[in-house]
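Dear colleague,

Please find below the structure that I am handing over to you, together with its sequence. My notes on what was found follow directly after it.

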Amino acid sequence: FCLADREVEGNLLPLPQHHVDTGMGLERLVTVLQNKRSSYDTDLFTPILDAIHKGCRGPRYQGLVGDADVGHVNMAYRVVADHVRTLCVCITDGIYPGFSGAELVLRRILRRAVRFCSEVLHAPHGLLASLVPTVVEVLGDAYPELTKNADQIMDIINENEVAFLSSLERGRRIIERTVQKMEPSTNFPAEVAWSLYGNLGFPLDLIDLMLEEKGIRLDSAAFNKLALEDAKKKAGSPQAGQQKDTNVHLDVHSLAQLQSSNVPATDDSPKYAYTLGQHGQYEFSPCQATVLMLYRDQSLQKEVEAGHRCGVILDRTNFYAEEGGQASDQGYMIRLEQQDVLFPVESVHLCGGYVIHEVTAVETLRAGHQVQLFVDEAQRLACMMNHTATHLLNFALRRVLGDNTEQRGSHVTAERLRFDFDTKSPVTVEQLQQVEQVVQDVIKRNEVVHIAEIPLTLARGVQGLRAMDEGYPDPVRIVSLGVPVESVLTCDSEAAMQTSVELCCGTHLLQTGDVEDLTIISERQLVKGISRVIAVTGQQAKWAREVGKCLAVEVDSLSLRMQQRSTSIPQMQSLSKEVGQLTKVMASTAMPQWQRKELQTVLKALQRTANTAIKKLELQQAEEKAKILLGKHCNQPVIIDTIPADSLSILMKVVNQLCDKSPGTSVLLLSPQASGEVLCACQVSKNCLPVFSASDWAMAVCTQMEGKAGGSPVVAKGSGNARGMQRALTAALMFAQSKL
C-alpha cells in the first residue's frame, strides 16, 4: 500500500491519493498468465534469448542463477536481452548514448551489454545490433516507432560498440603499462582507474576484474576520494545544484495542498499580451497580480522574510515559464505599496498549472501583496526572435533536405537556438547555404505570424504538420507563418505544405522580418542519423557574418603569401604558424558554419603546402651542409663537428645525408643556438652495431652539457648547454674511439 511519502529526514507524510502498488508490470503479469517461473521464460524474452544463442553459438539459455550458473553465461543472456530492449525503446524515444543525465545512463547500459557479449558470451562483434529486428518483432505492435527506426537503432548500437571495444583495448594497454611500472606489492593507482572510469567509460567492476586477473588490488580509498571530489564539483554546477530546484518545483504534497485549498491555477495568458508600436517596436504591457502563496524549502508559506530565496505563486503573470524548449523569462516585480524595491525574478517554472517565480526576497513578502510584474523585454524579444527563427529553420531544413526530415528536439534561449533533426547523411556546405537562403527569403518577405487556439481534433487534420507524438493540450495553439490559420484548416488545403505550420506554446514575433537575419554557426552529428545545428539571429547573426568575411580575407592573404614560395625556412615556419593560429581561431569563433567548413578546407591545404615546402627547404639546406662536411672529413670512419643549423630537424637531416653518401661513416654533429642551447644529432653505421649505439653516444655527449638525449641504436638526438660544448666534443671522440 502506498499511503505516505518518506522524506529525507525519515518523516512520513500522507500522500494526497492512496493506491496499491503491486509491482505487477507487463512482464510479471505475462509471467503469471503463461505460468512461468521467470519473466525471461515468457514469449517477451524467449525469442531474444534464442537470437542470442544463434548469434554467439554458445550453450543455450537454461535459466540458471547463482553458483549453478558457471561462468555467468545465463546471467549474460539475461543482461543482454534486457539491455537491448531498453536500448531500442530509448533510442526510438530520442534518448541517445551520451555523457550526462539519461544519455549517460543509456551509454553505460549499452557498454555493459557489449561487455557481456564480448567477455562472457564470446560473441562476434555486432551481436547486440543483430538482436534489434527480434526486439522489433516482439515489441513492434505495441511500439510501432520501433519498426520505423530499426536501422537507425542498429547503426547507433554498432557505432557505440566499435567505440567501446576500441576503448576496451586501449584500457587494457593502459593497465598493462601501469602494472609494468608499479613497484611490487603496491595497489593500482586510483588516478589511473579514475581515468579509465571517467574518460573511457570503464565500469568499476570491469577494472576490478581485470586487476584481479593480474593479482593486483585497486587503491579503493583513494578512488572513492576522487569520486567524492567529482560529485562535489558537479554539485556545484548550475545543472547539478539543487538549491534552486527546492524553491521552484512543487512537491506532491504542496501541489495537493494548493488544489485542496482551491487556490486557482495561474492565469498566464498575459505572457502573450504584446503588440507592435507605431514605429515597429514591440510593446510589453506590465501586469498587476496578487501573491497567492510562497514556496520555500519544499513547504508552502504565507510569508518569507528578507534575504531568503523563494518561489512566488501569483493569480496571474506575464512571465513565460520554461516550456516547449523555450527558456523562461527574467525580470522583476515590485509591490504596489513599496515601488522603490525591486524583487528580481531569476527563473520561472510551471508545476501543475501553477507558475512559480523564483525570487530573492529583498524585503518581506506576504500572501495578499499586490505586485506589478515587468518582463526583461530585451531577453524576451531575443527569445521570441530565436523561437520564430527555429520554426523558419525547421521549414527550411525540410525544404532543402526533404519532407522526411523530422525534428528531434530544440532549445531556445536569448543567446541562440539549438535544433536537432534526422538526416540520412552529413549536411553539406551547399545545403547549409541553401537552408540559410530559404530562411532569408521568408525574412525578407516579412510574413505575418498567424497564431490561434484551435481544438486538437482540427489540428490533427492539418496537412504537412509534423508528427504529433507529444502530448498537447486541448485546445492547442497553432503558429502559421504567412498563411492565416483559417486557410490552413480548410479541408484539403495544402497551404501548410508551403510554409511553416507548427503546434507551439512559445512566444513568437508578429512578423518574420523582425528576425532580421539568421546564421547557422555550428552543425555536427550527435550520432549517426541525427544532426544538431546552432544558429544565431538579429545582430548576432550579422556580427557572425562580418567575422566570417574578415577571416576569409585573412585566409586569402595567407594563400597569396604562401604562393610566393619563400626560400627562407623561418619565413615558411612563420606562415605555417599563422595557419595553425587561424585554424584554432576558426574552430572557436561564431561565424557561418558553411564558411567555416570552406575555410578549414583551404587551411588544411595550406598547412600541407607549408609542411612540404619546409621539408624541401630543410633537405636542400642539409644537402649543402653535408657536401661541405664530406669535403672536410673525406673517407673518415667517424665525423664529429659543429655546424650552424636553424633546427634539430635540419641537423638530423644533415646527419642522414652524410651517412647516406658515406655508408660506413658514423656521424655526430652539434649546433650551438643563439639561446645558449646546443642541439645534438648522431647516426651510427650499421656496420658498427651492436657494439656502437647511437643512443648511448648521444647520452654520453649531452650529459657533458647537462642535457638529455634519446633514440635508437642507429639514430639519436638531444640537447644541452653551450657551457659544456667543448667537453662534449671531447667526450664524443673518446666514446667513438672506445667502441671502434
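Asn-262 counts as exposed in this predicted model, at 66% relative accessibility; here buried means under 20% relative accessible area, exposed over 50%, and partly exposed in between, with a 1.4 Å probe and protein chains only. Asn-262 sits in the loop between α12 (252–260) and β3 (274–276), where helices (H or I, at least four residues) and strands (E, at least two) are DSSP runs numbered from the N terminus. Although Asn-262 is not a glycine, its phi is positive, at about 60 degrees. His-72 likewise has a positive phi of about 60 degrees without being a glycine. The loop between α2 and α3 holds His-72, which is partly exposed at 46% relative accessibility.

The bond from Asp-474 to Pro-475 is cis, with omega near 10 degrees, and Pro-475 is placed in the loop between α15 (456–459) and β17. The bond from Leu-689 to Pro-690 is cis as well, with omega near 0 degrees; Pro-690 belongs to the loop between β23 (677–683) and α21 (694–704). As background, most residues other than glycine have a negative phi, and most peptide bonds are trans.

On conventions, residues are numbered from 1 along each chain as its sequence is written, and side-chain values use heavy atoms, with hydrogens and water left out. Because the model is predicted, local features need pLDDT of at least 70 and side-chain atom pairs count only at pLDDT 80 or more, whereas totals for chains, interfaces and linings use all residues.

Axes are lines fitted to C-alpha atoms, for helices over the stretch in contact, and angles run from 0 to 180 degrees between N-to-C directions; contact means heavy atoms within 4.5 Å.

Which residues have the most contacts inside the largest nonpolar core? They are Ile-52, Leu-121, Leu-128 and Ile-157, in a core of 62 residues. A nonpolar core is a set of buried Ala, Val, Leu, Ile, Met, Phe, Trp, Tyr and Cys residues joined through side-chain atoms within 4.5 Å. Several helices supply at least two residues each, among them α2 (46–56), α3 (73–92) and α7 (144–181), and α3 gives the most, with ten residues. Apart from its neighbours within four places in sequence, Ile-157 is in contact with Leu-87, Ile-91, Leu-110, Leu-128, Ala-129 and Val-132. A second, separate core has 36 residues, including Met-586, Ile-639, Val-655 and Ala-681.

The structure also holds 23 salt bridges, a salt bridge being a side-chain nitrogen of Lys or Arg within 4 Å of a carboxyl oxygen of Asp or Glu. One of them joins Arg-445 and Glu-447 at 2.8 Å, N to O, and Arg-445 is exposed, with a relative accessible area of 51%. Another links Lys-549 and Glu-546 at 3.7 Å, N to O. These two residues, Lys-549 and Glu-546, are three residues apart in helix α17 (residues 538–563), which means that about one helical turn separates them. In the bridge between Glu-618 and Lys-653, the closest N and O atoms are 3.1 Å apart. Glu-618 lies in helix α19 (residues 593–632) and Lys-653 in helix α20 (residues 648–661), so this pair ties together parts 35 residues apart in sequence. Glu-618 is buried, with a relative accessible area of 4%.

Yours sincerely
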